[in-house]
Amino acid sequence: MQETWRWFGPDDPVSIQDIAQAGASGIVTALHHLSAGVIWSEKEISIRQMEILKSKQNIEVDLQWTVVESLPVSEDIKRQSGDWRNHIKNYCISMENLAAAGISTICYNFMPILDWTRTELASKLPNGATCMRFDLIDFIVFDVFILKRKRAVENYSRELQYLASKRFENLNKKMKENLTSNIVCGLPGATDKFSLEDVKNHLKKYEHVTEKILRRNLIDFLREVSPVAQDLGIKLCCHPDDPPFSLLGLPRIMSTEKDYRIIMDEIPIQANGITLCSGSLGVRVDNDLAGMMSRLGDRVHFLHLRNVTRETDDIPNSFYESEHLYGDTDMVSLISSILVEERRRRNNGREDWSIPFRPDHGQNILDDLKKDSNPGYPAIGRLKGLAELRGISTALSKYFEEKHD
Ligand code: DNO
């Protein structure tokens with residue numbers, strides 16, 4: 001398991017030095033300033049590589065940009081509208097430029113309009129730490145009473161609508177603004193920051209896009225880009241929907257093992273792979289993470305390891321981001337499945353046997369609470385997560401080695 005760490009670029013309050021001291025050896029980053037659909041030029045890519053080099057200052061560690069997260073897929077590609085054909089061409093050119101710069105793992109997602117979504121960015125825990133949270137009732141408040149989406153009520157039971165209406169009555173102006181900005185302003189890494197009007201306009205453009213159409217559009221996209229990636233030695237890895245259920249009445253098509261199976265079977269080449277994100281997928285009680293790793297593992301090219309606690313087992317539901325080892329995903333079983341897959345790859349002589357992972361998100365603890373950082377991406381909370389995950393993987397690897405010697 002190759003330890004990587006997400007870095008948002010020179011403005012990220014968590015520095016390259018911090019990352020080096022956390023012990024990670026790979027950087028996960030993206031050219032966040034470029035809009036979806038445009039070419040990532042060789043020049044822009046090398047500027048980011050130089051920024052990493054420069055920020056290393058005098059540290060003697062081998063820290064390289066190894067994973068792109070994300071090379072965003074434009075809304076036009078997702079809808080097959082407007083300039084989508086050009087955007088696909090541009091995607092292929094960006095992949096060529098990344099391959100030429102020695103970067104060969106590319107994460108992307110296919111969620112319409114909203115990328116990952118939370119209703120609370122700093123929910124207080126009993127021990128004083130804070131974490132991110134998705135509260136279904138708050139989301140309904142936003143959808144039905146703030147955004148006032150047409151036919152929104154059709155997506156929720158009467159009981160949920162009632163609870164949302166009661167909660168809405170108690171929100172003051174500031175609380176409504178906060179909830180809106182948490183949902184539409186774009187969490188770290190999301191390509192777009194929207195206003196309410198933007199969301200309404202986008203929703204209109206998605207009116208005809210059903211689940212079937214969105215899935216077909218993803219397959220069409222992959223049919224074009226996967227062979228190019230394969231020739232370039234690039235591994236594409238689709239990030240799951242976060243949360244893994246429909247939001248704002250929009251289809252979401254990468255939420256379950258079955259969803260992944262369809263996409264992998266349609267384009268059965270190695271370059272067409274997965275980001276297994278235990279935090280996103282773990283929100284659904286019907287996703288068995290360790291099992292998914294064993295069954296889909298051959299094409300898992302990137303791992304996001306984090307945990308959530310579901311507040312109910314219904315889908316959709318509310319959840320909060322728990323500590324890396326203590327949530328609804330059994331992290332020990334998941335890591336054990338990962339190590340079995342790595343051993344299988346090694347036995348088959350695969351060069352990519354060591355799968356890059358990052359400790360995804362972290363709670364804000366200790367000095368994190370006094371410092372600025374991107375929501376979900378504090379230094380110490382993630383460091384704690386990384387250390388715990390490293391502990392499990394080290395112990396299990398040693399155990400497996402002894403068993404097999
Ligand atoms: C959240 C992340 C997402 C992810 C994109 C992948 O922390 O996992 O922002 O990067 O959705 O395309």
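Me: Which space is the largest cavity?
Reply: The largest cavity is the space that the ligand takes up. A cavity is a set of points on a 1 Å grid over the protein atoms alone, where a 1.4 Å probe fits but cannot get out. A molecule sits in one if more than half of its atoms lie within 2 Å of its grid points. The model is predicted: local features need pLDDT of at least 70, side-chain atom pairs count only at pLDDT 80 or more, and totals for chains, interfaces and linings use all residues. Residues are numbered from 1 along each chain as its sequence is written, and side-chain values use heavy atoms, without hydrogens and water.

Me: How many residues surround the ligand?
Reply: There are 16, counting residues with a heavy atom within 4 Å. E69, S70, D115, H361 and Y377 are the closest. By class, the shell holds six nonpolar, five polar and five charged residues. Here Ala, Val, Leu, Ile, Met, Phe, Trp, Tyr, Cys and Pro are nonpolar, Asp, Glu, Lys and Arg are charged, and the others, Gly among them, are polar.

Me: Which strand gives the largest share of the shell?
Reply: Strand β4 (residues 105–109) does, with three residues. Strands (E, at least two residues) and helices (H or I, at least four) are DSSP runs, numbered from the N terminus.

Me: Where is an oxygen atom of the ligand 2.5 Å from a side-chain N or O atom?
Reply: At S70. D115 has a polar side-chain atom 2.7 Å from a ligand oxygen. For R6, the distance from a side-chain N or O atom to a ligand oxygen is 3.2 Å. Taken alone, the ligand exposes 330 Å², and the protein buries 100% of that (Shrake-Rupley method, 1.4 Å probe).

Me: How many aromatic pairs does the whole structure have?
Reply: Eleven. Rings of Phe, Tyr and Trp (its six-membered ring) pair if their centres lie within 6.5 Å; planes under 30 degrees apart are stacked, over 60 edge-to-face, the rest tilted. Y91 and F221 have ring centres 5.1 Å apart and planes at 85°, so this pair is edge-to-face. Y91 is in helix α4 (residues 84–100) and F221 in helix α9 (residues 211–232), so the pair ties together parts 130 residues apart in sequence.

How values were computed: A polar contact is a pair of N or O atoms within 3.5 Å; within protein, one must be able to donate a hydrogen and the other to accept it, and residues adjacent in sequence count only if both atoms are side-chain atoms. On a 1 Å grid over the protein atoms alone, a cavity is a set of points where a 1.4 Å probe fits but cannot get out, and a pocket is an open set with protein on both sides within 12 Å along at least five of seven lines; lining residues have an atom within 4 Å of a point.
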